[in-house]
Each structure stands twice: as structure tokens, then as C-alpha cells.
Amino acid sequence: MRSALAQHGQFGRTIKRITAAPPVTWFYTAVVAVTDFTTTSTSYVDLLDAAAGNPFTVTATLDGTQDVLISTGGSYQHSASPGTFVIGVEADDGVGGVTDYDITLFTTRTNINVRRNTEGQKLLTGLAAGNWTFTVRVKVVTPGTFTHFVGDRTFIRALACDL
Amino acid sequence: MTANVKNYHAAQAGNFSFTSTSYINALDNAGGSAIQRTITKGASSDILVLATVYGAATVNVNPTITLGVNDGTTDYDLGRTRWEGTALSSPPGMLPGLRLITGLGAGTYTFTLRIKNSVAFAAAILSGTFVSFTVIEVNTGTQINCAAMTHLYTAAWTTVGTGYNTVTTQTVAGTTIRAALTKAGAGTNVLVRGFFTGAGTGVAILGTLGILNSATDYDAMTTLLRSGQAHSPALGERLITGLAAGAQNFDLRAKCTASAWNASANIHSAGIVALEVG
């Protein structure tokens, strides 16, 4: 069973369809920092929602046939000194299959110390069946002090679906 | 069987500089390869395109940059922002974009990332920054109901105050930037992704991107809206749960942390997409 509605936007129609079957897409997203988090680590560490707090994670049970479209990003700033940082995602199946993926770059410079947004999307393929945890990570590429301020947002999304 | 999603994600191998004021292919390097993905779609489905690139002007000017996508025949706008000149030691600015492309028949399409400049001074997608380019088949009838709207401004959009205002296509009597979704299931959720690019005038000020559904505002992202040169992007996502089946509108919202974000606020582009997910 299908019906359709249309909306006229600036660039013409956007179409929505009603489907009888619910989508099988799996998805989760996250959260707001509760205190400032600063790192100078040049190897990947978990981005935390507080100085000694919780990582930003999503979990998914995969059947071994699915790809996962990861999207992560947020609002960040340098604190003591500018630099370049990479936001990444760690994929962990809990049985030894741990991989860090670079997702997006964040750069600040001396006279532009402002809070800025960054975001990236990467399709992860070849993931084995199992219970996967995806965690937002960060590492410093060029020296600097990176801060995720209280009240700012980091999000992570994992989108997997079968057609 | 996996979802019909094609994704390009890579660090730029070198600066891709461009001065063209009409669309050209965005390349992965100076003289490099086009950024493309090929997807095969059904007769009644639509294509959702999501992208982010990062760049700056290579001289001390502040060009307006437009990101687009071509389906082999037609260029579609994705988003627009203003990048800062390198003489100002600016970090690369994010240029986000999204677009729901409808009306394509069944077949195989190669989508190519496109870009254009507003002035004859070079701007560049910067070496080492990541380009994300995703093409998703949606509205297949059984998979991922989707609604979206994208708008590029030709006149300033204005807001005042610390409370949320609905982002419209123009200040007076504008059309709401809205994803109007007909939600099929009662137990499903809705992923909403929104963005705007803009700046305060006279003062830099924190701005918040929000999503309005029914009477509820959902905060999605904060950014600092700088005054003057560059435009700051705000891009965020929220998973909204507990909504009933049927018509659900998701409107783009914006607010600032002080009332000084006033009549000179200037948004260059805005977009919102709603996806029904499990």
C-alpha cells in the first residue's frame, strides 16, 4: 500500500511516501557535553562528555550483511593554543575487531579562536555479524589544545538498513 | 543485502583551487579526479545527497562558495557559505549541503560533486581536509521515508532575540524551511538533520540551530556566528522519538545567546531533511 504527498519547496517538490512496512533502518544519536573536555593527545582518545565522563557512543547489532553509514561531528574550539585535530570513530565488535576511522578535521588558528562546527560521513563496510559499539574519538595532529565546551554538542549516528 | 548507500570519504590529496563562477567539478586534488559516486535506483524512489567540504579563499577576499551536485544532466544546489581569506589566518570553513532529488526514472546515475565561486579570486578545498559525499536511495516504498528542503538566499534572513525563531526563505512572508514527512509507523523514529550558514553583524555571537516539531523545540547544534568576513555553519542532527504516525512537520529554527543578533543577520543557505528510521 502506498500513497504520496508533495510539498513545494524552493527547489521544487519534495516527496514523502507512506509505506505499509516499517523501515528496518537502525539508528541512534547523542548528546551534550556536561563539562569542558580538553586533550593534547596525538593518539586517539575517547571524546568525553565530561573531564572524566562518558564517551559518545552508539551500539548496533549487525547481521554481517550490512554496511553502516557513520556520521559524527560537533562544535569545538581551541583553548590554550591553536592546532589541528581529527575527529574519528572507533568501531569495536567486542571480540577483538577494533578499528579507528578518521572522519573529519578541525583546525583553529591564532587569531580565529572561535567555536566552530565540523562533520563527516563515512560508510563502513565489511563489518562482521555481532554487537558493535561506535565511539567518537579525537587526536591532535599539530600541537594545540582542543576543548569541547560544556553545553556544546557532539553527535554520532550509525545508519544501517536492508533493502 | 545492504542499504543502497554510496559514500565518498577521503582527505583531500592537495588543494583544489577554483575561480569559476559557474559550476565545475570539485576535484580531489589540483588536476585530480572528480568526486563521484554511481547508484542504481528504482522507478519511484528519490535520491538524497549529503555533503560537507572545507576550504578558504587563497587571497584576502571573502568569496561566497556554492556547493552542488550533478546527476549527469542537471546541477542541483546543495548549500552556500562565505569563506575567509588566508591573509586573515582563517581556519578552513565547513560548507555543508543537502538535497532531495526527485523525478529521476529508474536507472543508473553518476552523481558528481560540483562547486563554484562568486569572484575571480581563487578559493580552495584545502589539502588534508575531509570531503564527505553521500548518495542514498530513499522513498523506495518500503525503505526510508524522506522529506527535505534546501534554500539558498538571495536576500538576508533576519531574526531578533534569544528565543527560537523559525527560519524562512525571506524575512517577511517567507516560506518555512521545513521537512514535511508523512510518518508511516507508530513505533518508528525520525532522524532530522539541519544546517544553516550565516553570520552576525557588528558582533560575534553564539547561535543555536534547532528543530521544531509540533510545539517542541529540539536543540541540535551551537556555533559562533562571527561578524564580518566568514560565515559560520551550524550543522546538527537529532533523533526524535515517540511521534505518532501521520503528518509530521520539522521546521528549522535559530536563536542566539543575546539579542544583538539583529536585523543584519545574514544566512546564506539552509536545509533540513527528515528520515523515518527504525
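## Close-up views of a predicted two-chain model

**View 1. Chain A, element by element.** From the N terminus on, chain A reads β-β-β-β-β-β-β-β-β-β-β-β. That gives 12 strands and 0 helices in chain A. Please keep in mind while you look around that this is a predicted model.

**View 2. How confident is the predictor about chain A?** The mean pLDDT of chain A is 77, and 75% of its residues reach 70 or more. Residues 1-24 of chain A are a stretch to treat with care: the pLDDT there is below 50. The model still gives this stretch 81 contacts beyond near neighbours in sequence. Where pLDDT is low, the predicted coordinates should not be read in detail.

View 3. Of the 163 residues in chain A, 55% are buried. Now think about contacts in chain A with a separation of 6 or more: residues 24 or more positions apart make 74% of them.

**View 4. A visit to Val34(A).** Find the loop between strand 2 (12-19) and strand 3 (37-39) of chain A, and you will find Val34(A). Which residues does Val34(A) touch, leaving aside its neighbours within four places in sequence? They are Asp49(A), Ala50(A) and Val150(A). For a sense of distance, pick out Gly130(A), which is 96 residues from Val34(A) along the chain. The C-alpha atoms of these two residues are 31 Å apart.

**View 5. The strands of chain B and its overall form.** Chain B contains 20 strands and 0 helices. Its radius of gyration is 18 Å, close to the 19 Å that the globule rule gives for 278 residues, so chain B is as compact as a globular protein of that length. Taken along the principal axes, a box of roughly 55 × 45 × 30 Å is filled by the C-alpha atoms of chain B.

**View 6. Inside chain B.** How much of chain B counts as buried? The share is 62% of its 278 residues. Among contacts in chain B with a separation of 6 or more, 78% are between residues 24 or more positions apart.

**View 7. The surface and charges of chain B.** The accessible surface of chain B is about 8,200 Å², with 48% belonging to carbon and sulfur atoms. Chain B also carries 15 positive and 12 negative charges.

Notes: Residues are numbered from 1 along each chain as its sequence is written. Chains are lettered from A and ligands numbered from 1 in the order in which they are written. This is a predicted model: local features need pLDDT of at least 70, side-chain atom pairs count only at pLDDT 80 or more; totals for chains, interfaces and linings use all residues. Side-chain values use heavy atoms; hydrogens and water are left out. Helices (H or I, at least four residues) and strands (E, at least two) are DSSP runs, numbered from the N terminus. The radius of gyration is taken over C-alpha atoms; the globule rule is 2.2 Å times the number of residues to the power 0.38. Buried means under 20% relative accessible area, exposed over 50%, partly exposed in between (1.4 Å probe, protein chains only). Contact means heavy atoms within 4.5 Å. Accessible areas come from the Shrake-Rupley method with a 1.4 Å probe; for residues, only the protein chains shown count as cover. Lys and Arg count as positive and Asp and Glu as negative; His and the chain ends are not counted. The place of a charge is taken as NZ of Lys, CZ of Arg, CG of Asp or CD of Glu. pLDDT is the predictor's confidence in each residue, from 0 to 100.
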